[in-house]
Amino acid sequence: MPKAGKRDEIIAAAMRLLAREGAAGLTAASLAREAGVSKANVFHHFETLNAVVLAAFEVFLLGMDNMRPQPGTELRDWLLALGAETVAQMDDDPALAGAYFAFAARAQSDPDLRQRLAGMVGAAEALFAEALELLAPERFTPHERSRLAALILITGDGLALHRQLFPKRRDSQVAAWAAFVDSIAPEESETS
């Protein structure tokens, strides 16, 4: 396996720091130390510390396999897989989940970061709208796809938040996601 590039190592270090120490723990010095590089090297790869944070968030949010479903996938199956992947990420890597919420906390107090995050959220919603058009082209109007894409993102964020905060409630969280999926793409009986 080839060694990850310095840029990737810095992103991974930022995610570890955010998870372990929260938004306040991510400084240029702590990031350089965590990544095993100099501060100059951090800023060689990223214009600002916020650019590192955005890259880390983009890896987390837009890097999910189920963000881009394969043609021929059933809408219901895609939505169920999206929820399952969210649950698996939260369960398999609690540090990653912690980084996700530390990032949100950092964005809350930084208007520039929040504005740039809004662009990334828009990109995620656009991916969901594209998936809806691909998987159910006749089912939703463009306006409905747009609204539903936002709802999928918001509901997925809620699922991730609850997995992080209430890990013992996994069964009810998975059941709630399934109910959400049922409301969008009910299971069709073989006889209808």
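User: What makes T48 a cap of the N-terminal end of helix 4?

Analyst: A side-chain oxygen of T48 lies 3.4 Å from the backbone nitrogen of N50. A polar contact is a pair of N or O atoms within 3.5 Å; within protein, one must be able to donate a hydrogen and the other to accept it, and residues adjacent in sequence count only if both atoms are side-chain atoms. The model is predicted: local features need pLDDT of at least 70, side-chain atom pairs count only at pLDDT 80 or more, and totals for chains, interfaces and linings use all residues. Residues are numbered from 1 along each chain as its sequence is written, and side-chain values use heavy atoms, with hydrogens and water left out.

User: Why is helix 4 described as largely enclosed by the rest of the structure?

Analyst: Helix 4 is described in this way because 12 of its 14 residues are buried. Buried means under 20% relative accessible area, exposed over 50%, and partly exposed in between (1.4 Å probe, protein chains only). Among the buried residues of helix 4 are L49, N50, V53, F57 and L62.

User: Why are helix 1 and helix 4 called roughly perpendicular?

Analyst: Helix 1 (residues 6–21) and helix 4 (residues 49–62) pack at an angle of about 85 degrees, with their axes 9 Å apart. Angles under 35 degrees count as roughly parallel, over 145 as roughly antiparallel, 65 to 115 as roughly perpendicular and the rest as oblique. Helix 1 and helix 4 are therefore roughly perpendicular to each other.

User: Which residues of helix 1 and helix 4 meet?

Analyst: R7, I10, I11, A14 and M15 in helix 1 meet V52, A55, A56, V59 and F60 in helix 4, where contact means heavy atoms within 4.5 Å. By class, this contact has 9 nonpolar, no polar and 1 charged residues.

User: Is R76 buried or exposed?

Analyst: R76 is buried, because its relative accessible area is 17%. R76 lies in helix 5, residues 75–92. The side chain of R76 reaches the backbone oxygen of A185 at 2.9 Å.

User: What makes K39 partly exposed?

Analyst: K39 counts as partly exposed because its relative accessibility is 46%. K39 is found in helix 3, residues 39–45. Leaving aside neighbours within four places in sequence, K39 is in contact with A28, A29 and A32. K39 and A14 are 25 residues apart in sequence and 13 Å apart in space, C-alpha to C-alpha.

User: What caps the N-terminal end of helix 7, and which residues of helix 7 are buried?

Analyst: D110 caps that end, with a side-chain oxygen 3.1 Å from the backbone nitrogen of D112. The buried residues of helix 7 include L113, M120, F128 and L135.

User: How many helices and strands does the chain have?

Analyst: The chain has 9 helices and 0 strands. Helices (H or I, at least four residues) and strands (E, at least two) are DSSP runs, numbered from the N terminus. Buried residues make up 44% of the 192 residues in the chain.

How values were computed
Axes fitted to C-alpha atoms, helices over the stretch in contact; angles between N-to-C directions. Nonpolar A, V, L, I, M, F, W, Y, C, P; charged D, E, K, R; others polar.
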